[in-house]
Amino acid sequence: MTEEPRLLGPLDALTDVDGIRVGHARVPGEGALSGTTVVLTPEGGAVAAVDVRGGGPGTRETDALDPRNLVQRIDAVVLTGGSAYGLDAASGVMAWLEEQGRGVRVGPDPAHVVPVVPAACLFDLGRGGDWRARPDAATGRAAVEAAAASEPGAAVPEGTVGAGTGAVAGQLKGGVGTASMRVASGATVAALVAVNAAGSVVDPRTGVLYGEYGAGEPPAHPAPEVHEAARLRLAELREAKGGRPFNTTIAVVATDAALTRAQAQKLAGTAHDGMARAVRPVHLLSDGDTVFALSTGRFPLPPEPVAELNDILAAGADVLARAIVKAVRAARGVDGPGGAFPSYRDLYGTA
């Protein structure tokens, strides 16, 4: 039996899920190499869930997403650099949402809302040279304003932007990537990821990105001499750097299919399989790997949707693996006071 051809979304991005918008902001100043990415839901919010599998997570408001708890829908998710300090970016997003009257209604006045803003952070402290240059409430506000100002269905910048500004994937420069596909039922499933992994994204035997194996097309193998030169360069950097890594890969997987909160949590969990395909090893003690899932509910499913749900769950893993590949390919290398982090393109070109 042959695998059916994949149908990518028009933009191959998270914004192929109708109503979802994405905004990036970067921490300003010399010595800064960090930023924030905000995923803004349509008016009325989205069903949301989360699955945390890394041993060192930094998160905010994830308990609110437990299907047993009160909050039914959320308006935004924050992915940010700055480690636990960077979670302050969510405060800026919360303030902006309050100004728009968006959040959980808690009083008779329409302005009486409490926005619930789940967030996850990755470790990039000091990678630009300044340990204290990290996202704050102003960075979060800038990112959500950028999302709100974008057109519906706008392209999403990838690479060294937003939460991926200071990200590192193994020894390579990490970044932000996004991907989407349409499943047989017609629903769209998409992912956005900030890749900052302690594990490697590259097969040391070949130089092929792990996420490209089994992705539908045979991976392009770099020439042996190119791979050997890359291997030697990374060995030199590893010897010079030393120390232990603090990382975390954080992502949002979204669909327009109408999912319950429990089904959304299952989607967040199976999407981690895509992370495991593209990063090896994954979910370590020094990672805080976290995946959020969003359902805008605009595409109804049949009353007994087992087959349709299975397609959506499988697609969640597929798009997250491909988003990780795209993030690494789009990243730009950095060589500064905080360290040298070559990009995949620096070492392997466009192969």
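**Reading rings, sheets and cores: a tutorial**

Tutor: Let's start with a charge and a ring: Arg134 lies over the face of Tyr85, 3.5 Å from the ring centre. A charge sits over a ring if NZ of Lys or CZ of Arg is within 6 Å of the ring centre and within 35 degrees of the ring normal. Before going on, note that this is a predicted model: local features need pLDDT of at least 70, side-chain atom pairs count only at pLDDT 80 or more, and totals for chains, interfaces and linings use all residues. Residues are numbered from 1 along each chain as its sequence is written, and side-chain values use heavy atoms, with hydrogens and water left out.

Student: How do I read a pair of aromatic rings, and how many aromatic pairs are found in the whole structure?

Tutor: A ring pair is described by the distance of the centres and the angle of the planes. Rings of Phe, Tyr and Trp (its six-membered ring) pair if their centres lie within 6.5 Å; planes under 30 degrees apart count as stacked, over 60 as edge-to-face and the rest as tilted. Searching the whole structure turns up two aromatic pairs. Phe123 and Trp131 have ring centres 6.3 Å apart and planes at 65°, so that pair is edge-to-face. For Tyr344 and Tyr348 the centres are 4.6 Å apart and the planes at 25°, so this pair is stacked.

Student: Where do Tyr344 and Tyr348 lie?

Tutor: Both are in helix α6 (residues 344-348), four residues apart, about one turn of the helix. Helices (H or I, at least four residues) and strands (E, at least two) are DSSP runs, numbered from the N terminus.

Student: Is Tyr344 buried or exposed?

Tutor: Buried means under 20% relative accessible area, exposed over 50%, and partly exposed in between (1.4 Å probe, protein chains only). Tyr344 is buried at 1%, and Tyr348 is buried at 7%. Trp131, with 45%, is partly exposed.

Student: What is the strand order in the open sheet?

Tutor: Two strands pair if DSSP finds at least two bridges between them. Here five strands run in the order β2-β3-β6-β9-β5, with mixed pairing. β2 (21-26) and β5 (59-60) are at the edges with a single partner strand each, so one side of each has no neighbour in the sheet. Zoom in on β2 and β3 (residues 35-40): they pair in the antiparallel sense over six bridges, and His24 has Thr37 as its bridge partner in β3.

Student: Which helix lies across β2 and β3?

Tutor: That's α2 (residues 137-149), running at about 145° to β2. Axes are lines fitted to C-alpha atoms, for helices over the stretch in contact, and angles run from 0 to 180 degrees between N-to-C directions. Contact means heavy atoms within 4.5 Å.

Student: Which residues have the most contacts inside the largest nonpolar core?

Tutor: A nonpolar core is a set of buried Ala, Val, Leu, Ile, Met, Phe, Trp, Tyr and Cys residues joined through side-chain atoms within 4.5 Å. The largest has 48 residues, and Val201, Leu320 and Ile324 have the most contacts inside it. Helix α5 (residues 306-330) gives the most to this core, with eleven residues. Beyond its neighbours within four places in sequence, Ile324 is in contact with residues including Val193, Val201 and Met275. There's also a second, separate core of 30 residues, which includes Val17, Ala46, Val71 and Val176.
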